[in-house]
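This report describes a predicted model.

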Amino acid sequence: MLADPLKVAVGSTNPVKVEATRNVMAKIYGRSKVRVQGVKVSSGVPSQPIGFQTVQGAINRALEALKAAEADLGVGIEAGLFPQERTLTGYMDFQWCAIADRDGKITLGCGPGFEMPPRVVEGVLKGEGEVGSLIEKLFGVRRVKETIGAIGILSKGIIDRVKLAEIAVLMAMIPRMNPETYFNAEKTEG
């Protein structure tokens, strides 16, 4: 049974992550039925996660937000580079979302992946900074993580970081939107 209003805590105070979560939850439950707030938590992974660290960071953020705000749902959103063969740089950037509830269930989703410029990936791998700061330096912009994101710059504004995060949040909500299919299904033997 869901609380009314549903209390959702996002494991970040980044306005992009909070807005993306608010937008998706409002579409699913109705704007008046959900309260979304950002809370400052640690991801427990490096500031520029690579590979599975990204997923773990999203899970950590979701669990910490759930606990810190005594929420019904905790949401963690984390972007990171994933090794991928046959790409220009050997890496793709993916945004992951984890959603945790009080029953201990965690659902995951991710947004579409894209390649970062080679200079950005090289800089990350050499320890010169995070994707966001390297994109800012490369393109001469500021506060990219709190605004349109690297994707907004690289897609020439066709998609921004809010929309990218919304996709990840929605994908993590799919099992929760279909509980009879995901949580009450009999286990099959294989």
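## Cysteines

The sulfur of Cys 110 has its closest cysteine sulfur in Cys 97, 10 Å away, which is too far for a bond. A disulfide is a covalent bond between the sulfur atoms of two cysteines. The cut-off applied here is 2.5 Å between the two sulfur atoms. The structure holds 0 disulfides. Cys 97 is in no disulfide, and its nearest cysteine sulfur is that of Cys 110.

The two residues can also be described by their accessibility. Cys 97 counts as buried because its relative accessibility is 0%, and buried means under 20%. Cys 110 is partly exposed, with a relative accessible area of 26%.

The model contains an open sheet formed by 5 strands. Their order across the sheet is β2-β1-β3-β4-β5, and the pairing is mixed. The edges are taken by β2 (34–38) and β5 (106–110). Each of these has a single partner strand, so one side of each is left without a neighbour in the sheet. From one strand to the next, the twist averages 25°.

## Strand β3 and its partners

On one side, β3 (residues 73–83) is joined to β1 (residues 6–10) by 3 bridges, and the two strands run parallel. Within this pair, Val 10 stands opposite Val 75 of β3, and Ala 9 stands opposite Gly 74 of β3.

β3 also pairs with β4, here in the antiparallel sense and over 11 bridges. As for solvent, β3 is mostly covered, with 9 of its 11 residues buried.

Helix α6 (residues 161–177) lies across β3, β4 and β5. Relative to β4, α6 runs at about 45°.

Definitions and conventions. Residues are numbered from 1 along each chain as its sequence is written. This is a predicted model: local features need pLDDT of at least 70, side-chain atom pairs count only at pLDDT 80 or more; totals for chains, interfaces and linings use all residues. Side-chain values use heavy atoms; hydrogens and water are left out. Two strands pair if DSSP finds at least two bridges between them. Helices (H or I, at least four residues) and strands (E, at least two) are DSSP runs, numbered from the N terminus. Axes are lines fitted to C-alpha atoms, for helices over the stretch in contact, and angles run from 0 to 180 degrees between N-to-C directions. Contact means heavy atoms within 4.5 Å. Buried means under 20% relative accessible area, exposed over 50%, partly exposed in between (1.4 Å probe, protein chains only).
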